[in-house]
Amino acid sequence: MTDPSRERRDGTYGSTGPVEGGAEGTRAEGTGAGSFGTGHGPRSADPGPEVPGPAETGADDTEGVGGPHGERHEPAAARPARGHTNLAIRLTAPVRRFGALPIRSRMALLVAAAVAIAVAVVAVASWLLTRSQLRNELDNSLRNSTAPSSQISSAIDTCNQGSSSNSDSSQNSTGRGTAPSGSEQAFAYFQVVFDDGSRCVAVGSQPVKVQAEDVAVARQNAPESPVHTSTTESGQQVQVHTRLQSIRYGPPGSPLRVVAVSISRPVDEIQTSLNRLALLLTVVAGIGVLGAGAAGLWIARTGLRPVDGLTRAVEHVARTEDLSVRIPVDGEDEIARLSRSFNSMTAALASSRDRQSQLIADAGHELRTPLTSLRTNVELLARSEETGRAIPADDRRALMASVKAQMSELAALIGDLQELSRPDALAPGQVRVVALHEVVEQALRRARLRGPDLAIDATTSDWYVRAEPATLERAVVNVLDNAVKFSPPGGSVEVRLDGAGVLTVRDHGPGIPPEDLPHVFERFWRSPSARSLPGSGLGLAIVARTLQQAGGEITLEPADGGGTVARIRLPGAPTPPPDVPPDAPGGNRDGAPDGARGGTPGDEEGGWGAVPSSHD
């Protein structure tokens, strides 16, 4: 016979002709499902057993199977098991369909399923417990029952005399006979069992097949048998208990004799009750499951009613962009928390949109003034050129100076707007370790140029922070510019940077009224007493935003004796991190990426700790 594995390697599996073989001489067309390739390989001439698969022959599937033209086909082990894939699809399809249902339907189905499982468990347990209890009661009744002596003696006498032609011989080849029937059937079946396995059935009883337990009692090997199961000759299942009993039978005056008497009762009498109980439990369970499903649907609808309101509110906001919608909140449950979160979100969005609108309006208002003045001056210069009337040199110089000042003011305003339009979170690459004391010294030089008649007293200590250098310098410059701008001529400004990283700037100007302090960091807000001074009202807003990004804060408060005290607090350390010079990107050691290190001041050698970045 040809080696099956050799036939497979020779391309037999790709044959389009029939391949004969198999234990029953079956034929399999090579073009059917499961054939490898489409080539016409040689056909085995010797019918044999069914060709085993690759897993059975142990052949090397990694070589593939060749067709008639030498093409390589994918080995069987590499092809996906379509049966397993289809089975997985069939198993996951109900899950996908269940997930596509509305949440109310899913909750109702889950409640109904949970109740159905609970009811089924209780019903089955009840039925099994009832069956066990009825069986025990039936067995106890058999153990406590005694056959009437008159029936047993009459049955034995009748069987011994052979008075009945319809003896038990037709039912039991070893039986001695059956007492004549004709009376009503008793609630239990009685029969006498002899040591040879024969029996004598009492009047009105059904003959029950004799078991080994009954014969053992008849041979007096045991006083009684355990309750056991048997059947009547008609196939009815019964429970049987056999015991020794003293009976007087035969001619009058005969002595008492010990015989084995079997008492049996049909199981049908408890099976009928069990069937009725099963039907009742099924009906009750069905009603319970339907009620549970309806209750689950009602509970789902009631519980999800606030979610419906939330959905309608979200759809309304998406459709109309009306952020004034609020959802009524009742209680402290998860739905109430969700409603509060939605209300907070819409309030924050409305506030953000209002601030954006206010920013645009304020920016337009602030831009209008320099643009109007610039336009007027340019028109005057253009009209002078068009009419040929020369503007006096002093007036022309004044006009050009005004144009330059307005252009500078406009450029500064646009720069402030660009600064405020930047995202609040800085990119990690923009954060560097900055020497704050050097930034303060640079800002002091600019402040002295802007206020040459002011006495600026400065004391600085070394302090290193993590921030964006340009924005930090601009924030310090803005604070010093405000101190210079509001200081009286010939006044003084005190600047202190202590060893704890607190920068204090005190001026001796008019100060800030207490009612204006809550508004000084708002965009475009300007005190009524400062509206005549140059500025856009964005300086302190930029300062607060920059310090917040660096993890710090600024506070303004009235100074004793007049003026204002500005305090800037920035986390950092009096020494830079080891091996990292100031102004190094990110201020990290060992080449770690920007923002990769954390910590608190004082947790590194030399007292350096990671300063909270703008992301904190």
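**Close-up views of a predicted model**

Glutamate 321 is found in the loop between α8 (305–320) and α9 (334–387), where helices (H or I, at least four residues) and strands (E, at least two) are DSSP runs numbered from the N terminus. The model is predicted, so local features need pLDDT of at least 70 and side-chain atom pairs count only at pLDDT 80 or more, whereas totals for chains, interfaces and linings use all residues. Residues are numbered from 1 along each chain as its sequence is written, and side-chain values use heavy atoms, with hydrogens and water left out.

View A. Most residues other than glycine have a negative phi. Glutamate 321 has a phi near 60°, a positive value in a residue other than glycine. At 55% relative accessibility, glutamate 321 counts as exposed; the classes are buried (under 20% relative accessible area), exposed (over 50%) and partly exposed in between, with a 1.4 Å probe and protein chains only. Glutamine 220, in the loop between α6 (212–218) and β8 (228–231), has a positive phi near 60°. Its relative accessibility is 51%, and glutamine 220 therefore counts as exposed.

**View B. Helix α5.** The 13 residues of helix α5 (residues 149–161) should span 18 Å at 1.5 Å a residue, and the end C-alpha atoms are 18 Å apart, which agrees. The expected span is 1.5 Å times one less than the number of residues. The buried residues of α5 are Ile152, Ser153, Ala155, Ile156, Thr158 and Cys159.

**View C. The disulfide of cysteine 159 and cysteine 200.** The sulfur atoms of cysteine 159 and cysteine 200 are 1.9 Å apart and form a disulfide, defined as a pair of cysteine sulfur atoms within 2.5 Å. Cysteine 159 lies in helix α5 and cysteine 200 in strand β7 (residues 199–201), so the pair ties together parts that are 41 residues apart in sequence. The link is right-handed, with 90° about the S-S bond. Both cysteine 159 and cysteine 200 are buried.

View D. An open sheet is formed by 3 strands in the order β11-β13-β18, with antiparallel pairing. Strands β11 (432–435) and β18 (572–573) stand at the edges, each with a single partner strand, so one side of each is left without a neighbour in the sheet. Two strands pair if DSSP finds at least two bridges between them; 2 bridges join β13 (residues 464–467) to β18. Valine 465 stands opposite glycine 572 in β18. Helix α11 (residues 436–450) lies across β11 and β13, running at about 55° to β11. Contact means heavy atoms within 4.5 Å, and axes are lines fitted to C-alpha atoms, for helices over the stretch in contact, with angles from 0 to 180 degrees between N-to-C directions.
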